[in-house]
Amino acid sequence: MKIGIIGAGNIGGNLTRRLTALGHDVSVANSRGPETLRELAEETGATPVRAEDAAKGAEVVIVTVPLKAVPDLPSGLLDGAAEGVVVIDTGNYYPQRDGRIAAIEDEGLTESRWTEQHLGHPVVKAFNGTYAQDLLDRPRPAGDPDRMALPVAGDDEDAKRTVRTLIDALGFDTVDAGTIADSWRQQPGTPVYGLRAGTPAVEKALTEAAPERPADFRA
């Protein structure tokens with residue numbers, strides 16, 4: 001597939017490495033400009049682009065930037081994307097980094113709902129609780145008893161299926177974590193966040209989540 005990655009930090013960089021290795025046509029952007037991505041491009045074969053060009057022709061777009069940067073993404077970010085583009089949101093709200101976001105803390109919006117409102121497009125929440133290094137070190141073949149499972153939430157079943165298929169190809173199982181309204185179950189501070197475990201443990205952790213935002217993740 002043609003995949004656009006917006007954000008080249010730990011998660012974005014390692015997804016660039018893995019997805020190019022799987023043969024996908026990856027364009028990657030950051031906030032500092034394509035010239036700063038030369039080393040990553042040389043290492044992976046990905047195409048460094050400006051953020052406003054990352055989604056052009058893309059069938060999947062991965063937004064992996066700090067939450068505070070989402071409102072500053074270029075307007076019309078997805079205008080040139082392929083029809084039916086699937087948008088993956090890897091973001092988390094950390095008030096110490098992002099500042100206080102009232103819509104999340106006071107109005108109870110899930111982090112991904114807040115993000116999709118700014119993007120003007122539905123998202124699928126995935127990779128938000130995944131350690132970046134695990135993307136390189138922990139892939140396992142299907143059926144391996146040590147294969148990790150990742151929660152995936154979204155409102156569009158077809159989009160969610162695309163993301164789950166992609167994650168399977170990356171070497172991880174997936175668990176359907178429900179809709180974006182349910183995605184609080186995988187936000188920071190929940191039992192599944194950062195959990196390195198297989199499907200049964202991830203399913204159990206999702207059911208054990210409480211809707212109250214932990215004090216460590218409130219401003």
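Two residues are counted as in contact when heavy atoms of theirs lie within 4.5 Å. The model discussed here is a predicted one.

A place to start is helix H7, which runs over residues 157-170. The buried residues of H7 are Ala159, Lys160, Val163, Leu166, Ile167 and Leu170; buried here means under 20% relative accessible area. Seen down the helix axis, these buried residues fall within an arc of 125°, so they line one face of H7. On the face turned away from that buried side, H7 carries Asp158 and Thr165, which are exposed.

What lies over the buried residues of H7? The cover includes helix H1 and several strands: S1 (2-6), S5 (86-89), S6 (124-125), S7 and S8 (173-176). Two of these elements, S7 and H1, come up again below, S7 in the lining of the largest cavity and H1 in that of the largest pocket.

The structure holds one cavity of 30 Å³ or more, and the volume of the largest cavity is about 110 Å³. It is lined by 16 residues, and those closest to its centre are Gly129, Thr130, Pro151, Val192 and Gly194. Strand S7 (residues 149-154) supplies the largest share of this lining, with three residues. Sorted by class, the cavity lining consists of nine nonpolar, five polar and two charged residues.

The open spaces remain. The largest pocket has a volume of about 630 Å³. Its lining is made up of 32 residues, with Thr64, Val65, Pro66, Thr90 and Arg97 nearest the centre. Helix H1 (residues 10-21) gives the largest share of that lining, which is three residues. How do the lining residues of the largest pocket divide by class, and how many are charged? There are 15 nonpolar and 14 polar residues, and three are charged.

The second largest pocket has a volume of about 260 Å³. Of the 18 residues that line this second pocket, Trp184, Gln187, Pro211, Glu212 and Arg213 lie nearest its centre. The lining of the second largest pocket has nine nonpolar, five polar and four charged residues.

Terms used:
Residues are numbered from 1 along each chain as its sequence is written. This is a predicted model: local features need pLDDT of at least 70, side-chain atom pairs count only at pLDDT 80 or more; totals for chains, interfaces and linings use all residues. Side-chain values use heavy atoms; hydrogens and water are left out. On a 1 Å grid over the protein atoms alone, a cavity is a set of points where a 1.4 Å probe fits but cannot get out, and a pocket is an open set with protein on both sides within 12 Å along at least five of seven lines; lining residues have an atom within 4 Å of a point. Grid points are joined across faces, edges and corners, and a volume is the space filled by probe spheres set on the points. Helices (H or I, at least four residues) and strands (E, at least two) are DSSP runs, numbered from the N terminus. Ala, Val, Leu, Ile, Met, Phe, Trp, Tyr, Cys and Pro count as nonpolar, Asp, Glu, Lys and Arg as charged, and the others, Gly among them, as polar. The expected span of a helix is 1.5 Å times one less than its number of residues. Buried means under 20% relative accessible area, exposed over 50%, partly exposed in between (1.4 Å probe, protein chains only). The arc is that of the directions from the helix axis to the C-beta atoms.
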